[in-house]
Amino acid sequence: MNLIGSKTIETERLILRSSKMKEQKRLWEILMIPNVNKWYLTSSKKYACNQEHWTWKNQEKFYKLKVEQSDNNDVFVWSVFLKPKYTNSGKEEVIGQVSAQEKGNNIFVRDVGWYMDPNYQGKGYATEAAKAMIKYMFEKVKIEKISSGAVKDNIASCKIFEKLGFDKICEIEEDSPYTFYDGRLIFSKYELTQEKYFNNN
Ligand SMILES: CC(C)(COP(=O)(O)OP(=O)(O)OC[C@H]1O[C@@H](n2cnc3c(N)ncnc32)[C@H](O)[C@@H]1OP(=O)(O)O)[C@@H](O)C(=O)NCCC(=O)NCCS
């Protein structure tokens, strides 16, 4: 495995870059939208009802810590920027984040995640970013497997796994791990092995 960190990746409409402080406030704003964080955010549930905890004034320090480590060679997290000609403002905009975090203790097996600004959802941007990240993880970093999943009712996220060639392994009911969502949830678990990735690409 090549621990090369989150190098810049360019696609037709997007640029994926390692996290920098200048876009973090916008990413925090996006994550504070209930439809974005509902099935994504897994910070400690003890803060769920503490509004003060979620203000930028309080969150900024956590984002600073994240950015301090963002260029480490074992960090695989990208801010997703939309090229100017596709944005509403005509300027480059950060529209989300994709990641390929360590899963358990095996650094060769990764868990992938993504979220996008609702203003730019449904345009194929998450699929485009995820596809580029997965290519980077298999071809450059040389991971062995992606083992991940989404809430079964999270149609958009499940579609991304399926469109990118993942195998659906099982469905499993679990307590919600999500900060702002309580109760039981059915998860669809997906896997993509190195062998299957290279057979398909
Ligand atoms: C999941 C998420 C990142 C998808 O972002 P996106 O940029 O809209 O995704 P895409 O445009 O690439 O769409 C992926 C597929 O889902 C479909 N889709 C998008 N939004 C949808 C919705 N609200 N309902 C049903 N399908 C939807 C798209 O049509 C596309 O399928 P298709 O190619 O068959 O048409 C975005 O919905 C999001 O940020 N959700 C909240 C955070 C989250 O759930 N993260 C994942 C946790 S596992």
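Biologist: Where in this predicted model is E162 found, and is E162 buried or exposed, or something in between?

Modeller: E162 is found in helix 5, and its relative accessible area of 46% makes it partly exposed. For a sense of its position relative to another part of the chain, take G90, which is 72 residues from E162 in sequence and 32 Å away in space, C-alpha to C-alpha.

Biologist: What does helix 5 give to the shell around the ligand?

Modeller: Helix 5 gives the most to that shell, with 6 residues. In total, 23 residues surround the ligand, and the closest are W114, G122, G124, T127 and K163.

Biologist: How much of the ligand does the protein bury, and which elements give two or more residues to the shell?

Modeller: Taken alone, the ligand exposes 930 Å², and the protein buries 74% of that area. The elements giving two or more residues to the shell are helix 2 (34-37), strand 5 (106-116), helix 4 (125-141), strand 6 (145-151) and helix 5 (155-163).

Biologist: Let us turn to the aromatic rings. What describes a pair of them, and how many aromatic pairs are there here?

Modeller: The general idea is that a pair of aromatic rings is described by the distance of the centres and the angle of the planes. In this model the count comes to 14 aromatic pairs. One of them joins F76 and W78 in a tilted arrangement, with 6.4 Å from centre to centre and 40° between the planes, and both F76 and W78 are buried. F161 and Y190 form a pair that is stacked, with 4.8 Å centre to centre and 10° between the planes.

Biologist: Why does the pair of F161 and Y190 tie together parts that are apart in sequence?

Modeller: F161 lies in helix 5 and Y190 lies in strand 8 (residues 184-193), so the pair ties together parts that are 29 residues apart in sequence. F161 is buried, and Y190 is buried too. F161 and Y190 also belong to one aromatic cluster that they form with W114 and F166.

Biologist: Which lysines lie over the face of an aromatic ring?

Modeller: K38 lies over the face of W39, at 4.1 Å from the ring centre, and K189 lies over the face of F187, at 5.4 Å from the ring centre.

Biologist: Y190 has come up already; how far is its C-alpha atom from that of S148, and is S148 buried or exposed?

Modeller: The C-alpha atoms of S148 and Y190 are separated by 5.3 Å, although the two residues are 42 residues apart along the chain. S148 lies in strand 6, and at 4% relative accessibility S148 counts as buried, since the cut-off for that class is under 20% relative accessible area.

Biologist: Finally, where is N200 found, and how far apart are N200 and Y125 in sequence and in space?

Modeller: N200 is found in helix 6 (residues 194-200), where its relative accessible area of 45% makes it partly exposed. N200 and Y125 are 75 residues apart in sequence and 21 Å apart in space, taken from C-alpha to C-alpha.

Terms used:
Residues are numbered from 1 along each chain as its sequence is written. This is a predicted model: local features need pLDDT of at least 70, side-chain atom pairs count only at pLDDT 80 or more; totals for chains, interfaces and linings use all residues. Side-chain values use heavy atoms; hydrogens and water are left out. A residue is near a molecule or strand if one of its heavy atoms lies within 4 Å of it. Accessible areas come from the Shrake-Rupley method with a 1.4 Å probe; for residues, only the protein chains shown count as cover. Helices (H or I, at least four residues) and strands (E, at least two) are DSSP runs, numbered from the N terminus. Rings of Phe, Tyr and Trp (its six-membered ring) pair if their centres lie within 6.5 Å; planes under 30 degrees apart count as stacked, over 60 as edge-to-face and the rest as tilted. Buried means under 20% relative accessible area, exposed over 50%, partly exposed in between (1.4 Å probe, protein chains only). A charge sits over a ring if NZ of Lys or CZ of Arg is within 6 Å of the ring centre and within 35 degrees of the ring normal.
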